[in-house]
Amino acid sequence: MFLLKSAPALILLMFIIGISCRELSKNNIHALILARGGSKGIQLKNLAEVGGISLLARTIKTIQNSACFEHIWVSTDDKRIALEAQKYGAIIHDRPEKFAKDNTPSIDAIKEFLEVHATVKDFALFQCTSVFLKPTYIQEAVQKFKTHDCVFAAKRSHYLRWKEVNDSLVPVDFNLESRPRRQDWKGDIVETGMFYFSKRKLVDKGLLQNNRCSIVEINSEDGLEIDSSHDLSLAKYILSSRTKTDL
């Protein structure tokens with residue numbers, strides 16, 4: 001009975017979110033994916049397949065399913081990646097080789113993109129290796145971006161951290177005489193790298209974030225970032241397990 005009663009309210013909420021996203025897309029927020037061809041851990045990592053499609057395709061399709069963007073860009077130096085991006089409806093930005101090296105900071109690649117596309121003021125940077133990106137996360141970020149300079153994906157961590165100071169271990173932000181229990185604190189906010197909504201005015205200062213940020217708190221199990229073959233295998237296993245559970 002509860003599901004029947006709540007279904008109309010859920011449909012209404014999704015309709016309202018959809019309208020809000022379409023309104024914001026008219027304000028010209030551009031989705032941007034940085035996907036260079038070089039990768040040390042996994043060769044052509046952005047084209048690695050999970051669930052039958054590439055990480056790049058999966059990201060593009062999820063962004064499209066959010067219904068929040070009119071423009072989805074893929075900045076790449078690789079023709080194979082460009083072809084895959086075009087296949088799924090993305091716009092290609094040809095990234096110069098000097099901005100696609102192993103040691104090139106993301107902020108430099110973003111700056112180069114913005115210099116070429118002067119009309120882009122607001123953007124959302126997405127990472128293909130965050131395989132469990134969801135449309136609902138994007139929609140929440142879009143809403144929060146209306147009243148903040150920046151929004152990024154984060155999760156909570158309740159691990160107690162230590163640091164080395166002069167060859168000694170020192171606890172970080174907790175008292176050894178009263179170690180906090182998990183239920184005693186909200187946990188540290190940890191970036192996942194899944195996405196960053198930001199503005200040209202911040203990038204002009206060499207920043208993606210300032211003190212007027214908000215977060216979208218994602219489920220911890222969605223925070224996997226693919227950096228190695230082990231991560232890729234784990235993502236495939238998790239996705240397969242979720243699919244079986246849904247059947």
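Visitor: Before we start, what makes two rings of Phe, Tyr or Trp a pair?

Guide: Rings of Phe, Tyr and Trp pair if their centres lie within 6.5 Å. This is a predicted model, and the structure holds nine aromatic pairs.

Visitor: Nice. How is the pair of Phe-69 and Phe-197 arranged?

Guide: That pair is tilted, with 6.1 Å centre to centre and 40 degrees between the planes.

Visitor: And where do the two partners sit in the chain?

Guide: They come from distant parts of the chain, 128 residues apart. Phe-69 is in the loop between helix 2 and strand 4, while Phe-197 belongs to strand 10, residues 188-199.

Visitor: Are Phe-69 and Phe-197 buried or exposed?

Guide: Phe-69 is buried, and Phe-197 is buried too.

Visitor: Which residues make up the ring cluster around them?

Guide: Ring pairs join Phe-69, Phe-126, Phe-145, Phe-195 and Phe-197 into a cluster. One of these rings also has a charged neighbour: Lys-199 lies over the face of Phe-145, 4.5 Å from the ring centre.

Visitor: Let's switch to helices. How do helix 2 and helix 3 pack?

Guide: Helix 2 covers residues 55-66 and helix 3 covers residues 79-87; they pack at an angle of about 35 degrees, with their axes 9 Å apart. The crossing of helix 2 past helix 3 is right-handed.

Visitor: Which residues meet there?

Guide: From helix 2 you have Leu-56, Ala-57 and Ile-60, and they meet Ile-81, Glu-84 and Ala-85 of helix 3. By type, the residues of this contact are five nonpolar, one charged and no polar.

Visitor: New topic: Ser-214. Where is it, and why does it count as buried?

Guide: Ser-214 sits in strand 11, residues 213-217. It counts as buried because its relative accessibility is 13%, and the cut-off for buried is under 20%.

Visitor: What does Ser-214 touch?

Guide: Leaving aside residues up to four places away in sequence, Ser-214 touches Lys-144, His-148, Cys-150, Val-151 and Phe-152.

Visitor: Last one, backbone angles. What is phi at Asn-166 and at Asp-173?

Guide: Phi of Asn-166 is near 55 degrees, and phi of Asp-173 is near 60 degrees. Both values are positive in a residue other than glycine. For context, most residues other than glycine have a negative phi.

Visitor: Where are those two, and are they buried or exposed?

Guide: Asn-166 lies in the loop between strand 8 and strand 9, and Asp-173 is in the loop between strand 9 and strand 10. Asn-166 counts as exposed because its relative accessibility is 73%. Asp-173, at 73% relative accessibility, therefore counts as exposed as well.

Terms used
Residues are numbered from 1 along each chain as its sequence is written. This is a predicted model: local features need pLDDT of at least 70, side-chain atom pairs count only at pLDDT 80 or more; totals for chains, interfaces and linings use all residues. Side-chain values use heavy atoms; hydrogens and water are left out. Axes are lines fitted to C-alpha atoms, for helices over the stretch in contact, and angles run from 0 to 180 degrees between N-to-C directions. Helices (H or I, at least four residues) and strands (E, at least two) are DSSP runs, numbered from the N terminus. A crossing is left-handed if the near helix is turned anticlockwise from the far one by less than a right angle, and right-handed if clockwise. Contact means heavy atoms within 4.5 Å. Ala, Val, Leu, Ile, Met, Phe, Trp, Tyr, Cys and Pro count as nonpolar, Asp, Glu, Lys and Arg as charged, and the others, Gly among them, as polar. Rings of Phe, Tyr and Trp (its six-membered ring) pair if their centres lie within 6.5 Å; planes under 30 degrees apart count as stacked, over 60 as edge-to-face and the rest as tilted. Buried means under 20% relative accessible area, exposed over 50%, partly exposed in between (1.4 Å probe, protein chains only). A charge sits over a ring if NZ of Lys or CZ of Arg is within 6 Å of the ring centre and within 35 degrees of the ring normal.
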